[in-house]
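This report describes the architecture of one protein chain. The sequence and the model are shown first, and the description follows.

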Amino acid sequence: MRQKIVALLWPSGSGKSTQEKLFIEQWFVKPTNYTTRDPRPTDVGYEYISPEEFLEKRSQGLIPVHTEIYGNYYGFATSDDPKVIYVVDGNGLVQLQQFCEEKKSELFSVFLALSPDECKTRMIARGDPSEKIQQRLLADADLNYTRAMCTILVDARKSILEVFNEIDILYQSS
């Protein structure tokens, strides 16, 4: 069976973590997510490794999707599972496209569209600190160019389940 990879891209506050959980509950595998930063009390799903380990794994091709944010490395391991889900930024999508071409995997990328004002409202509602909200909104400003690279664009103003069902139907028909 040919591997089919779903890449989720969208701004902070648009529901990507919730959508990712729904995909995993249904039928997808999330590959190991590595980071070199210090653990946070609320973290879930990271494997913490040294920068040296990270760079070694990356050089061996074991971390095909990676980025550096605020001096820390983040990246996803490879996976042989037939259905894999990644939450990535624009740079991660480019890397994932290259990885899929090399491995002859199919890529289904989703951009969840939500205005910056709506993202800000959601981040405030979930209790994010105001300085983090501003930082995330500025970082997300470069996502506009990413929309054109995605397979589909979904309106995130819908309910969580409506968004998931729309993505699922489009994925199944692709």
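## A loop residue with positive phi

Lysine 104 is found in the loop between α3 and β7; helices (H or I, at least four residues) and strands (E, at least two) are DSSP runs, numbered from the N terminus. Phi of lysine 104 is near 60°, a positive value in a residue other than glycine. With a relative accessible area of 61%, lysine 104 is exposed, where exposed stands for over 50%, buried for under 20% and partly exposed for what lies in between (1.4 Å probe, protein chains only).

## Basis of the description

The model is predicted, and local features need pLDDT of at least 70, side-chain atom pairs count only at pLDDT 80 or more, and totals for chains, interfaces and linings use all residues. Residues are numbered from 1 along each chain as its sequence is written, and side-chain values use heavy atoms, with hydrogens and water left out.

## The parallel sheet

Strands β6, β1, β7 and β8 form, in that order, an open four-stranded sheet with parallel pairing; two strands pair if DSSP finds at least two bridges between them. At its edges are β6 (83–87) and β8 (152–155), each of which pairs on one side only. Neighbouring strands of this sheet are turned against each other by 25° on average, direction ignored. For such angles, axes are lines fitted to C-alpha atoms, for helices over the stretch in contact, and values run from 0 to 180 degrees between N-to-C directions.

Strand β1 is joined to β6 by five bridges in the parallel sense and to β7, also running parallel, by six. Leucine 8 stands opposite valine 87 in β6 and opposite valine 110 in β7. Valine 110 in turn has isoleucine 152 of β8 as its bridge partner, and β7 (residues 106–113) is linked to the parallel β8 by four bridges. Six of the six residues of β1 are buried. From β1, Lys4, Val6 and Leu8 point one way, Ile5, Ala7 and Leu9 the other way, and all are buried.

## Helices on the parallel sheet

Helix α1 (residues 16–26) lies across β1 (4–9) and β6, and runs at about 170° to β6. Helix α3 (residues 90–103) packs on the sheet as well, where it touches β1, β6 and β7, and its direction makes about 170° with that of β1. Contact here means heavy atoms within 4.5 Å.

## The mixed sheet

A further open sheet consists of four strands in the order β3-β2-β5-β4, with mixed pairing. Its edges are β3 (46–48) and β4, each with a single partner strand, so one side of each is left without a neighbour in the sheet. The twist from one strand to the next averages 25°. Helix α2 (residues 51–59) packs on this sheet and touches β2, β4 and β5, its direction making about 40° with that of β5.

Antiparallel pairing over three bridges connects β2 (residues 33–35) with β5, and asparagine 33 has phenylalanine 76 of β5 as its bridge partner. Five bridges, also antiparallel, connect β4 with β5; threonine 67 stands opposite tyrosine 74 in β5. β4 and β5 form a hairpin with two residues between them, and tyrosine 70 in the turn has a positive phi of about 50°.

## The largest pocket

What is the volume of the largest pocket? It is about 2,000 Å³. On a 1 Å grid over the protein atoms alone, a pocket is an open set of points with protein on both sides within 12 Å along at least five of seven lines, the probe being 1.4 Å, and lining residues have an atom within 4 Å of a point. Grid points are joined across faces, edges and corners, and a volume is the space filled by probe spheres set on the points.

Of the 50 lining residues, Ser12, Lys16, Arg40, Tyr46 and Arg136 are the closest to the centre of the pocket. At least two lining residues come from each of β1, α1, β4 (65–69), β5 (72–76), α3 and α5 (130–140); α1 gives the most, with six. The lining divides into 18 nonpolar, 17 polar and 15 charged residues, with Ala, Val, Leu, Ile, Met, Phe, Trp, Tyr, Cys and Pro counted as nonpolar, Asp, Glu, Lys and Arg as charged, and the others, Gly among them, as polar.

## Arginine 126

Arginine 126 is found in the loop between α4 (116–125) and α5. Its relative accessibility is 49%, so arginine 126 counts as partly exposed. Neighbours within four places in sequence aside, arginine 126 is in contact with Gly13 and Arg136.
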